[in-house]
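Please open the model in your viewer and keep the sequence beside it. The tour goes from one selection to the next and says what is there at each stop.

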Amino acid sequence: MTVTGAWHRAARGANLLASDGSIASTIFAEMSALAVTTGAINLGQGFPDEDGPAEVLDAAIAAIRGGINQYPPGIGLPVLRNAIAEHQGRFYGIRLDPDREVLVTAGATEALAATLLALLDDGDEVVTFEPFYDAYGAIINLANAVHRTVPLRAPDFHPDLDELRAAVNDRTRVILVNSPHNPTGSVLPLEALELIVELAHKHDAIIVTDEVYEHLTFGVPHIPIASLPGARDRTVSISSGGKTFNTTGWKIGWLTAPPELVTAILAVKQFLTYVNGAPFQPAIAAGLGLPDSFYAEIAANLQAKRDLLSAGLTSAGFTVSKPQGTYFVVADAAPLGFTNAVSFCRELPHLAGVVGVPISVFCHPEYAAGAASLVRFAFCKRVDVLERAAAQLAELSR
Ligand SMILES: Cc1ncc(COP(=O)(O)O)c(C=O)c1O
């Protein structure tokens, strides 16, 4: 049977369409399977191996016991919308109307999908940075839009501002920003954020910003682009509770935007999931209300983990980036004599009992060539796991 439909566009957008027209399995699935068969430590996928704060977990249990188990309102439970609005005011000085400018979604992923599907017409252009989170390419293709990228290059993975200027034009409908950035861990400098706002005005584009790692920065502030002068009226800001509260499996996300954008996005979102995660919504609301000390502590803990894994990678002989945020560090395997990160990642579980993923899977083939020896490792794991990984990686230098 020939299966037709939009699936191939999604697969192609995420670099998963094989040359024979079949869908290649994702490198994440392949590497996770390899971790299982070899017993290697899986630093390939970005999910924490410890539970988040007890207040958040207890609130979910209380909500289930308290009968919050049916469809919540389409835009999300008021308790969570209020908490999101308060959070944006408390951390960033952005004052929002929780009834008109906040929309709860099934993770940041649904927020991205509903936003892009709602705002794009066939042939519209979307500018993202590259490497890019794989869902971006898939959703842009599902929307029949054109994906343009601006490269981020080692060592700091900041954009060249002239290349950014050159990528945006009058056909650009959306500039899709991701800071802190997966997979490179970079945080966009203020001048790049300001230029994005300027270009969005000049070309009448909408800014969509994915800020799921907003609370996981190391020594640099997270500046939401919506907080810059002139940005808010044309910006959709997306985040999620998964990374901040170690609840990636709950899939509680949200977006904040001007009312007319929320209305348009809701028109699509209601036919994707309609609603999700009723009892987890008040639990994430409880998390958003935790004191500043909680937020300072999660960033400090993660920074210590970054330093631990980075030191291990450095002493193993990699050239290592210094991520300013996220769960991820990028290591160059070239100094160890490995120029192809895809084959290196297949060998690494056998060589050192550790799994990483090649950066090339987050890129179109043209960019991938320049990133051929780069590997992404996740450090959102327990300290003892990272210590073991660091010790095992040290074997590579022997
Ligand atoms: C940049 C980025 N955006 C979105 C997501 C997905 O977030 P969620 O699980 O809330 O859908 C991730 C998860 O890894 C991510 O790294």
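Which residue with a positive phi follows H8? Select Asp-204, which comes after H8 and has a phi near 55 degrees. This is a predicted model, in which local features need pLDDT of at least 70 and side-chain atom pairs count only at pLDDT 80 or more, while totals for chains, interfaces and linings use all residues. Residues are numbered from 1 along each chain as its sequence is written. Helices (H or I, at least four residues) and strands (E, at least two) are DSSP runs, numbered from the N terminus.

Asp-204 is not a glycine, and it lies in the loop between H8 and S6. Asp-204 counts as exposed because it has 10 C-beta neighbours inside 10 Å; a residue is exposed with 12 or fewer other C-beta atoms within 10 Å of its own, buried with 20 or more, and partly exposed in between, the C-beta atoms being placed from the backbone.

Now select residues 190-202, which form helix H8. Its buried residues are Ala-192, Leu-193, Ile-196, Val-197 and Ala-200, and, seen down the axis of H8, they fall within an arc of 145 degrees, so they line one face of the helix. The arc is that of the directions from the helix axis to the C-beta atoms. The buried residues of H8 pack against helix H7 (161-167), strand S5 (172-178) and strand S6 (206-210), where contact requires C-beta atoms, placed from the backbone, to lie within 7 Å. On the face turned away from this buried side, look for the exposed residues Leu-190 and Glu-191.

Next, select Lys-251, a residue other than glycine whose phi is positive, near 55 degrees. Lys-251 is in the loop between helix H9 (241-244) and strand S8 (252-256), and counts as partly exposed because it has 19 C-beta neighbours inside 10 Å.

Two peptide bonds are the next stop. Glu-130 and Pro-131 are joined by a cis bond with omega about 5 degrees, and Pro-131 is found in the loop between strand S3 (125-130) and helix H6 (134-142). The bond from Ala-154 to Pro-155 is cis, with omega near 5 degrees, and Pro-155 lies in the loop between strand S4 (146-151) and H7.

Finally, select helix H12 (residues 292-316) together with helix H15 (residues 383-394), whose axes are 8 Å apart and pack at an angle of about 10 degrees. H12 and H15 are therefore roughly parallel to each other, a term used for angles under 35 degrees.

Technical notes. Axes are lines fitted to C-alpha atoms, for helices over the stretch in contact, and angles run from 0 to 180 degrees between N-to-C directions. Angles under 35 degrees count as roughly parallel, over 145 as roughly antiparallel, 65 to 115 as roughly perpendicular and the rest as oblique. The expected span of a helix is 1.5 Å times one less than its number of residues. Two residues are in contact if their C-beta atoms, placed from the backbone, lie within 7 Å.
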